[in-house]
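Dear colleague,

I am passing the structure on to you here, and my notes on what was found in it follow directly below. Please read them beside the coordinates.

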Amino acid sequence: MEQRAFGDTGLRVSVLGLGAGQVGSGHLSEDEAGTLLNRAIDRGITLVDTARGYGLSEERIGRHLSYRRHDYILSSKGGYGAEGAEDWTPQAIRLGIEQALTRLRCDWIDIFHLHSCPADVLRREDLLMALDEARSAGLIRVAAYSGENEALAGAISSGRFGSVETSVNLADQFSRRQLLSGTNERGLGVIAKRPIANAAWRFETRPVGDYAETYWDRLRVLNLNAVREATGLDWTAFALRFTAFAPGVHSAIVGTTNIDNLERNIRLIEDGPLPLDALTHIEAAWVEHGLTWGGEV
């Protein structure tokens, strides 16, 4: 699978990354989780993205991938939920990283994100210093931020982060268009989450409580179905190829519990970007309808 230099971090990541949130689900057996994680690495995926809040995800990555730690780039998130510390304190950063390393059964985290905290938290020097100290100690390689809108803009402009993770998809282009244009020049890595817009097209009527409501609304307004049909692609292929090859994106992370879906996503990426005429129609629809939409949170 194609590898991309990840900003100025010295890392190289695969175009398709594995979002390991679903790996943490209790509905997935231990054997299924281990098989999925190892298949992803075997097939050339080199970015695995997890978080403190993703159930059993960190523990399972440690259990099943620690023996091949040098084969992949590990991305995690925190700032909250650390035992023995209040959220969004230097202690939460320090203890959270240490506790994550224990769960992950490794000595370092390649990319560690502050996870969706508001903009004022990102301006706190004590928290930024805690990240600097963790990096100096070799516990993390890259300090990063995962989030949207004002906080993301602040993280990019601060000069204190080496990478960001944000939503990029057909129905969520604010970050890509308004905020990420300067990331390459600043040497930042960019991880795109929600690359298939939470598969909002699954629902015939507007969903409730499935993290897809806003995307469902927006896709109806953008009215891209005819453009998609002209490419001969289904919605997943259409959406994933749009995001994975969007300018400025280094890796698009997709979560799954199904090995067949994992293999299909890999094949889709191998087909490359969408045709130019499809990208032109998507751009026109966004200019007409989407310029006032902020990033989904």
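**Helix contact**

Glu 58, Glu 59, Ile 61 and Gly 62 of H2 meet Ala 100, Arg 103 and Leu 104 of H3, where contact means heavy atoms within 4.5 Å, and where helices (H or I, at least four residues) and strands (E, at least two) are DSSP runs numbered from the N terminus. This is a predicted model, in which local features need pLDDT of at least 70 and side-chain atom pairs count only at pLDDT 80 or more, whereas totals for chains, interfaces and linings use all residues. Residues are numbered from 1 along each chain as its sequence is written, and side-chain values use heavy atoms, with hydrogens and water left out.

Helix H2 (residues 57-65) and helix H3 (residues 90-104) pack at an angle of about 45°, and their axes are 7 Å apart; the axes are lines fitted to C-alpha atoms, for helices over the stretch in contact, and angles run from 0 to 180 degrees between N-to-C directions. That angle makes H2 oblique to H3, since angles under 35 degrees count as roughly parallel, over 145 as roughly antiparallel, 65 to 115 as roughly perpendicular and the rest as oblique.

**Cores**

The largest nonpolar core has 88 residues, of which Ile 61, Leu 114, Tyr 145, Phe 161, Leu 170 and Phe 238 touch the most other members. Such a core is a set of buried Ala, Val, Leu, Ile, Met, Phe, Trp, Tyr and Cys residues joined through side-chain atoms within 4.5 Å, and buried means under 20% relative accessible area, with exposed over 50% and partly exposed in between (1.4 Å probe, protein chains only). Helix H11 (residues 235-244) gives this core its largest share, seven residues. A second, separate core of 10 residues includes Phe 6, Leu 47, Val 142 and Ile 191.

Leaving aside neighbours within four places in sequence, Tyr 145 is in contact with residues including Leu 114, Phe 161, Ala 151, Leu 152 and Ala 155.

**Helix H6**

In helix H6 (residues 149-158), the residues Ala 151, Leu 152, Ala 155 and Ile 156 are buried. They cover an arc of only 135° around the axis, which puts them on the same side of H6; the arc is that of the directions from the helix axis to the C-beta atoms. An α-helix has 3.6 residues a turn, so residues three or four places apart point the same way. Among the elements that cover the buried residues of H6 are strand E7 (140-146), strand E8 (163-167) and helix H7 (174-179).

Asn 149 lies in H6 and, although it is not a glycine, has a positive phi of about 55°; with a relative accessible area of 23%, Asn 149 is partly exposed. After H6 comes Gly 159, whose phi is positive, near 75°.

**Other residues**

Asn 198, in the loop between E9 and helix H9 (213-222), also has a positive phi of about 55° without being a glycine, and Asn 198 is partly exposed at a relative accessible area of 23%.

Ala 192 lies in strand E9 (residues 189-193) and counts as buried at 0% relative accessibility. Beyond its neighbours within four places in sequence, Ala 192 is in contact with residues including Thr 166, Val 168 and Ile 253.

Thr 89, in the loop between strand E5 (73-78) and H3, is buried with a relative accessible area of 13%, and, leaving aside neighbours within four places in sequence, Thr 89 is in contact with Arg 124 and Leu 127.

With kind regards
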